[in-house]
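Trainee: Hi, could you walk me through this one? I'd like to ask things as they come up.

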Amino acid sequence: MRTIAVVGAGTMGQGIAQVAATTGFTVFLHDASGDALRAALDGIRRRLESAVQKGKMTGEERDATLVRIQPAPSLEAAVRHGDLVIEAVPEKLDLKVEVFRALDAAAPPRALLATNTSSLSVGRIAAATRRPENVIGMHFFNPVPAMPLVEVIRAERTAPSAVEAALDVARRMGKEAIVVRDSPGFATSRLGVLLGLEAMRMLEEGVASPEDIDKAMTLGYRHPMGPLRLTDLVGLDVRLAIAEYLHRELRSEAFRPPGILRRMVADGKLGRKTGQGFYRWEPE
């Protein structure tokens, strides 16, 4: 595989595009919003320039990376020559199904179609296509350039060759990959959301402050970041949607969203992107 199309230029999409281009892939980046696509390219340039200033890459490497990222105004132009297409649109099943129908019609028959979903059924997404054997989950983590893990999700009809191809791409991107069966929340979201929801319940009950709850995990269990700060980075609205999905699919009260999460989302306190969540955040 040499060419990757990334569909969706939000935080995850631009991170995936940046890492793919940095590691030598030709990348076509598409978003339905022209403004979002331009903002994504500007964000990638800023991060690469920062990497140069910090001595993490050379100016020549920055320039070569930027040359390998091509903005694509249309979905068809983005995926026309793609060996791998990675979808990174918002975490809504209906939207992802709609996108995969379009990808199935526009991408070459040989192309592998991957979804970056963090919790939704890869099998349901694959059912929107005529090539379910070539549909797989590739769950990257935010921020993509810094996080070493890719969770590869194998649906019931995913071909073994598709799994191997996804693992090869992850390795070439410098990532460590794990393979999990298609089930609600996979491995990472199921564990991570559960911990985050329990931390919220503890805060709601007055067990400890957000800072001390997070320190309990960073200092006591060597987690790189506490569950409440991580929720702020992911977005409280995103965490709420995933928790509702897991509660519905797994029928487990452990995933019922606590009242504090619902109230904060209703108040627009979504974490870093709004400047207020469990912590206060300065504008980027």
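Trainee: What does Phe140 touch, leaving out residues up to four places away in sequence?

Mentor: This is a predicted model, so keep that in mind. In it, Phe140 touches Met12, Ile16, Ile86, Asn116, Leu149, Val150 and Met173 once those sequence neighbours are left out.

Trainee: And which residues touch the most other members of the largest nonpolar core?

Mentor: Phe140 is one of them, along with Ile4, Leu29 and Met138, in a core of 37 residues. There is also a second, separate core of 22 residues, which includes Val85, Phe100, Val135 and Val180. As a general point, nonpolar side chains tend to be buried together in soluble globular proteins.

Trainee: Okay, helices now. How do helix 8 and helix 11 cross?

Mentor: Helix 8 covers residues 188–204 and helix 11 covers residues 236–250; their axes come within 11 Å and cross at roughly 110 degrees. That makes helix 8 roughly perpendicular to helix 11.

Trainee: Which residues make that contact?

Mentor: Helix 8 brings Ser189, Arg190, Gly192, Val193, Gly196 and Leu197, while helix 11 brings Arg239, Ile242, Ala243, Leu246 and Leu250. Sorted by class, this contact of helix 8 with helix 11 has six nonpolar, three polar and two charged residues.

Trainee: And what about helix 11 with helix 12, at what angle do they cross?

Mentor: Roughly 135 degrees, with axes that come within 9 Å; helix 12 is residues 259–266. Helix 11 and helix 12 are therefore oblique to each other. The crossing of helix 11 past helix 12 is left-handed.

Trainee: How do helix 8 and helix 12 cross?

Mentor: The axes of helix 8 and helix 12 come within 8 Å and cross at roughly 90 degrees. That makes helix 8 roughly perpendicular to helix 12. Leu197, Met200, Leu203 and Glu204 of helix 8 meet Gly259, Ile260, Leu261 and Arg263 of helix 12. By class, the contact of helix 8 with helix 12 has five nonpolar, one polar and two charged residues.

Trainee: Changing topic: where is His223?

Mentor: His223 sits in the loop between helix 9 (210–220) and helix 10 (227–234).

Trainee: Is Phe186 buried or exposed?

Mentor: Buried, with a relative accessible area of 5%. Arg251 also has a positive phi of about 55 degrees without being a glycine, and it lies in the loop between helix 11 and helix 12. Arg251 counts as exposed, at 77% relative accessibility.

Key:
Residues numbered from 1 in each chain as written. Predicted model: local features only at pLDDT ≥ 70, side-chain atom pairs only at ≥ 80, totals over all residues. Heavy atoms only, no water. Axes fitted to C-alpha atoms, helices over the stretch in contact; angles between N-to-C directions. Helix = DSSP H or I, 4+ residues; strand = E, 2+ residues; numbered from the N terminus. Parallel < 35°, antiparallel > 145°, perpendicular 65-115°, else oblique. Contact = heavy atoms within 4.5 Å. Nonpolar A, V, L, I, M, F, W, Y, C, P; charged D, E, K, R; others polar. Core = buried A, V, L, I, M, F, W, Y, C linked by side-chain atoms within 4.5 Å. Buried < 20%, exposed > 50% of the residue type's maximum accessible area, 1.4 Å probe, protein only. Left-handed = near helix turned anticlockwise from the far one by under 90°.
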